[in-house]
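Here's a walk through one protein model, meant to be read with the structure open beside you. We'll start with a pair of helices, move on to the strands, and finish with a few single residues.

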Amino acid sequence: MRRPEADPYLPGHGDPSYDVLHYDLDLDYALENNHLTGRATLTLRAHTETDELTLDLHHLKVVKVTGLRLARHTHRAGRLRLVLQRPLAAGAEATVVITYRGAPKVVRDKVGEAGWEELEDGVIVASQPGGAPSWFPCNDRPDDKATYRITVTAASSHLVVANGVRTAVRRRASRTTWTYEMTDPMATYLATVQIGRYAEHEIRAAVPLTAAVPPARRAAFDAAFADQPRMIEAFVRLFGPYPFSGYRVVVTDDELEIPLEAQGLSIFGSNLLSRDWDAQRLIAHELAHQWFGNAVTVRSLCDIWLHEGFACYSEWLWSQESGGPGADARAREHWARLDRLDQDLVLYDPGPKNVFDDRVYKRGALTLHSLRLAGGDEAFFDLLRTWVARHRGGSVGTEDFVTLATERLGSAVRPMLDAWVYAAPLPELPMAATPR
């Protein structure tokens, strides 16, 4: 019997019949030939009684599956199907261990490509939206959040960075093993490994803040990221406590088209080491994702505006905080741009081809600005802090936010929100009572 899609925007990913509670990943990577050997131990829990489980693993070869009594297993088209000897009861927990190997490469889906990718001298892993199966077997659903232990062995000449707290480093001649633990629930697409010839340094800030940067780029990094401690202070004040144990920034020697967020860290190309607004806004954008996207994560990609619209609005807030144009000026500038474009996008369900369309980002930000104008600053920022506090570590959809906004700001905002998120025509932007 064919199982229902976990997320229609990512067909062929995820199994809704169970959740993974914890991933223990033990990886060994050879930089010289892009060869990955892995052993993944997954602790899982069934939602309903089931006699089979499906995992996602692309391009890599399964060597062995243990820990569960299997009738058989098959691995085709990136799907590892485990047929059990006896059904797993609803609510029952189990452990499965998968040993695998091969040359990882990105996963291509209809909403984009992502995953494990070689750099000139290292590795970058950007798993959004469906790239996690490029490097470990997983239940690749944005709403299946788990804790992680990630251990990576690589050449001692390179620094390895992954999510969470670094709990161990063991050097053995030419090879070093790095262990990281992420104890906050994390979606698969936010799991990452970064490998490069980086030097790591600490930055004084309100939360533990470190950066992994090529030594030759240190001066440029210090200038470009000089305001990051102030950004953290501003966002903590506006959005509530920073949601994780610390924050890392990784800067690759390579140029990257866009920066990338992961849970507890962000990755930037060397081309973004600039004081220009286009670089500074992206530094703010990726930091804001720690609250909006990582701590609070969508159940489905159709609601991606709850990540990208919020992070985009955070850019405008930082512009205001740092002495640049106010959020209202930024909003009116971008409303005018959107007004000249096709009005055929519905924010809460833009369609797979439009998930990362800039209209989703800007219309999402304009939705928030409209709420701010309607409710006033005190009520609006209280809404944002309540949103994060109420859903931290969990998964959400558009209606969750609409319901909370109506609860906190009053029923009068409901028609306005419906027009912004559930209809295609671009609503008028309310007038600001005072300049912002």
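Helix α2 (residues 228–239) packs against helix α7 (residues 377–391) at an angle of about 90°, and their axes are 7 Å apart. That makes α2 roughly perpendicular to α7, a label used for angles of 65 to 115 degrees, with under 35 degrees counting as roughly parallel, over 145 as roughly antiparallel and the rest as oblique. The axes here are lines fitted to C-alpha atoms, for helices over the stretch in contact, and angles run from 0 to 180 degrees between N-to-C directions. On the α2 side, the residues that meet α7 are R237, L238 and F239, and on the α7 side they are F381, L384, R385 and V388. Contact means heavy atoms within 4.5 Å.

A word on ground rules: this is a predicted model, so local features need pLDDT of at least 70 and side-chain atom pairs count only at pLDDT 80 or more, while totals for chains, interfaces and linings use all residues. Residues are numbered from 1 along each chain as its sequence is written, and side-chain values use heavy atoms, with hydrogens and water left out. Helices (H or I, at least four residues) and strands (E, at least two) are DSSP runs, numbered from the N terminus.

Take α5 next, residues 327–339. Which α5 residues are buried? They are A327, D328, R330, A331, H334, W335 and L338. These cover an arc of only 155° around the axis, which puts them on the same side of α5. The arc is that of the directions from the helix axis to the C-beta atoms. Buried means under 20% relative accessible area, exposed means over 50%, and partly exposed is in between (1.4 Å probe, protein chains only).

The cover over that buried set includes α3 (277–288), α4 (305–321), α6 (358–375) and α9 (413–421). Helix α9 has its own buried set: V413, M416, L417, W420 and V421. Looking down the α9 axis, they fall within an arc of 115°, so they line one face of the helix. As for what covers them, the list includes α4, α5, α6 and α8 (398–409).

**Strands**

Three strands make an open sheet in the order β3-β6-β5, with antiparallel pairing. β3 and β5 (70–76) stand at the edges with a single partner strand each, so one side of each is left without a neighbour in the sheet. From one strand to the next, the twist averages 20°. Even as an edge strand, β3 (residues 50–56) has six of its seven residues buried, so it is largely enclosed by the rest of the structure.

Strands count as paired if DSSP finds at least two bridges between them.

| Strands | Bridges | Opposite residues |
|---|---|---|
| β3 (residues 50–56) and β6 (residues 79–88) | Six bridges | D56 and R79 |
| β1 (residues 18–30) and β2 (residues 35–46) | 12 bridges | Y18 and A46 |
| β2 (residues 35–46) and β7 (residues 93–102) | 10 bridges | R39 and T99 |

The hairpin of β1 and β2 has four residues between the strands, and N34 takes a positive phi near 50° there.

**Single residues**

T41 lies in β2. Is T41 buried or exposed? T41 is buried, at a relative accessible area of 19%. Not counting residues up to four places away in sequence, T41 touches H22, Y23, D24, T95, V96 and V97.

N354 sits in the loop between α5 and α6, and is buried with a relative accessible area of 13%. Its contacts, leaving aside neighbours within four places in sequence, are L345, R359 and V360.

Back in α5, there's E333, which is partly exposed at 32% relative accessible area. The C-alpha atoms of E333 and I98 are separated by 52 Å, and the two residues are 235 residues apart along the chain.
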